[in-house]
Amino acid sequence: MTRREALAVMSASLARAATRVPANRNVKWALGSNLWNYFPRVPFTDILDVMKDTGFIGLRLTQFPQILETYNISAAQMQKEASRRGCRIVTISFNGPAHDPARRAEVIAKAKAAMNFLKEFGASHLVVFSPNRSNGDGEGAFKTMCECFNEIGTAAGEMGFRAGLHNHMGQMVQTPDEVDRSMAMTDPKLFYFSPDTAHLHLAGCDAVKTLAKHKGRLMMADYKDAKRLESAKANTFDRESIVDLGDGEIDFPGCHGVLKSIAFQGWLVVDLDIARQGPRASYERCGAYVVNRLEPVYV
């Protein structure tokens, strides 16, 4: 082999390494459909193509069931197009007035409808958001919410699912104390934990310590990077605080060490709220961070 040929082989090898996508072995990588709401509408298949090409092969749907109308696509078409690309629909962002006892039956019915939809895709997890903070900050509303979470968890178990809490800025489960209280006031056999690292960080939590504290109930998680903004207002979320993986302040290798300690096998969602150079560019950058920084810790 001549020197020129050797350099050509090396160059090709480096190019392949640079474009490696997440391995999706024990840890499986997903993204969220909500990011595309900030861009001109594209066919749903464009989202799936980005997933296939960047290695984020799972999708968390938002704004269900309206998303089917938004993209003019049926569940059967969604399943067909996802399968063609080796992609999966893995969960739904679910929310409802869990704090209101008069609407308990409505919340449970909608949770069951979401899980029945997901069952058609072979999914088995429901990510549950808490109500907006404006709905009450008293112990009564919080207790009612947690009771509703237990009922959602019961319904999930009966359907072969797991349901878990997703913390979020501006919602009733936001602060470190609220995360801990919600875990203490729900049954660990019924209701699990699906944390968002960015919203933990922005609310003053240590993401690594929080994952470690509740690792026995970890169902899935959002790996989302963030920077605390000096201009941020209390109890509000500014999507400008979100950055691509590795560009923010969160210790993801530390988080990944927690996953390794429990031999985690499941989905992590890189649910970006902003992509300054477009979705494909951001997910290519996030994928490179996964391959180069996180897979050496746990794959």
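How much space lies in the largest pocket? I looked this up and found about 490 Å³. For my own record, a pocket is an open set of points on a 1 Å grid over the protein atoms alone, with protein on both sides within 12 Å along at least five of seven lines, and lining residues have an atom within 4 Å of a point. The volume is the space filled by probe spheres set on the points, which are joined across faces, edges and corners.

Two reminders on the source. This is a predicted model, where local features need pLDDT of at least 70 and side-chain atom pairs count only at pLDDT 80 or more, while totals for chains, interfaces and linings use all residues. Residues are numbered from 1 along each chain as its sequence is written, and side-chain values use heavy atoms, with hydrogens and water left out.

Back to the largest pocket: I see 29 lining residues, and Gln63, Phe64, Ser93, Phe94 and Asn95 are the closest to its centre. Helix α5 gives the most to this lining, with five residues.

Next I checked the second largest pocket, with about 170 Å³ of space. Its lining has 14 residues, and the closest to its centre are Met169, Leu202, Ala232, Lys233 and Thr236.

Then I turned to Phe142, which lies in α6 (residues 139–158); helices are DSSP runs of H or I, at least four residues, numbered from the N terminus. Leaving out residues up to four places away in sequence, Phe142 touches Met172, Val173, Glu178, Arg181, Ser182 and Met185, with contact meaning heavy atoms within 4.5 Å.

Methods: Helices (H or I, at least four residues) and strands (E, at least two) are DSSP runs, numbered from the N terminus. On a 1 Å grid over the protein atoms alone, a cavity is a set of points where a 1.4 Å probe fits but cannot get out, and a pocket is an open set with protein on both sides within 12 Å along at least five of seven lines; lining residues have an atom within 4 Å of a point.
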